[in-house]
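Here's a quick tour for anyone opening this structure for the first time. Have a look at it, then read on.

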Amino acid sequence: TGLEITDEKLFFFASTVREVINILNKQSENIKQTSEMQPAANWQEILRNIQVENMAKIISLKPGLLAKIANILLFPILSAIGYVMFWLKVKGKNNIPSKGPLIFCPNHTSYLDAPLLAIALGMPTLLNTYFLGYSAYLDHPCLKWSKKLFRLISLDPASELDETLKQCSFILRNSKMLCMFPEGSRSVDGEIKDFKRGVGILIKELNVAVIPVYINGTHRAWPVHRLLPRPAKVEISFGKKIMPEDLMAEHINEIDIYGKIAYNLKRNLLQLKEQTDKGI
């Protein structure tokens, strides 16, 4: 077929030949949709064409009493695990603004990334931050009930990319913060992979700033191939805020401006990684 299956999909979603074929078919459809992706003007229109009433049924902009209680009870438990089991260390916390709109863009190597990042943000910021995750996990019956409670947004890039980006747009236009993993899936070898165009679409069309976040240690603690986590030191570094114009500088006439923004954002994250590794 000329298509490749990532190790992650092979490990977790393919146990029979039929499931392998289904994955290949979905990837083929995804490639076709990507080739027919809307131009910049249309994406701007798509992200503006939001029915507020429908969005309000899916997303809570103000946490209710139950959500506050659930978050307040869960936060110290996660914090205890993070600081005791993973010796969590947070750098650059002064780079986190008090309010949005803003996108946090961390690297992604482990299931631990999102909960440990939530700890690093702190409770006030956390209550205004929404997390974008893979629909295969978040729409599972064991987690689906908690999406609205813990501000989780499911992403299915093969079939519902428009609707997902609309939800992200709704959040950001209401001065909230969004955490998305621009690599799209966990890195098998721990290295930072290429960023998807979705983050470029949001940054350009909504003119929203972004903060790169480098997470170091979660790949050692819980890599893709390991069934359960193990103790390991984890460090989370928040970079400085990057404005959209800085990611688009000298590339206004690029044919794929979204891809270029994603590429430049990855370069910034790699620089943050290098600084963190050197102890700067």
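## Ground rules

This is a predicted model, where local features need pLDDT of at least 70 and side-chain atom pairs count only at pLDDT 80 or more, while totals for chains, interfaces and linings use all residues. Residues are numbered from 1 along each chain as its sequence is written, and side-chain values use heavy atoms, with hydrogens and water left out.

## A tucked-away helix

Let's start with helix H11, residues 198–206. Helices here are DSSP runs of H or I with at least four residues, strands are E runs of at least two, and both are numbered from the N terminus. Of the 9 residues in H11, 8 are buried, so the helix is largely enclosed by the rest of the structure. Buried means under 20% relative accessible area, exposed means over 50%, and partly exposed lies in between (1.4 Å probe, protein chains only).

The buried set is Gly 198, Val 199, Gly 200, Ile 201, Leu 202, Ile 203, Glu 205 and Leu 206. Just past the end of H11, Asn 207 takes a positive phi of about 50 degrees.

## Crossing H14

H11 packs against helix H14 (residues 257–277) at an angle of about 105 degrees, and their axes are 7 Å apart. That makes the pair roughly perpendicular, a label for angles of 65 to 115 degrees. The axes are lines fitted to C-alpha atoms over the stretch in contact, with angles running from 0 to 180 degrees between N-to-C directions.

On the H11 side, the contact (heavy atoms within 4.5 Å) uses Val 199, Gly 200, Ile 201, Ile 203, Lys 204 and Glu 205. H14 brings Ile 257, Tyr 258, Ile 261, Ala 262 and Leu 265. Sort these residues by type and you get 8 nonpolar, 1 polar and 2 charged.

## Salt bridges

How many salt bridges are there? The count comes to 8, going by a side-chain nitrogen of Lys or Arg within 4 Å of a carboxyl oxygen of Asp or Glu. Glu 205 is buried at 9% relative accessible area, whereas Lys 204 is partly exposed at 30%.

Another pairs Asp 194 with Lys 266, with the closest N and O atoms 2.9 Å apart. This one links distant parts of the chain: Asp 194 sits in the loop between strand E5 (177–179) and H11, and Lys 266 is in H14, 72 residues apart. Asp 194 is exposed at 57%, but Lys 266 is buried at 15%.

Notes
Angles under 35 degrees count as roughly parallel, over 145 as roughly antiparallel, 65 to 115 as roughly perpendicular and the rest as oblique. Ala, Val, Leu, Ile, Met, Phe, Trp, Tyr, Cys and Pro count as nonpolar, Asp, Glu, Lys and Arg as charged, and the others, Gly among them, as polar.
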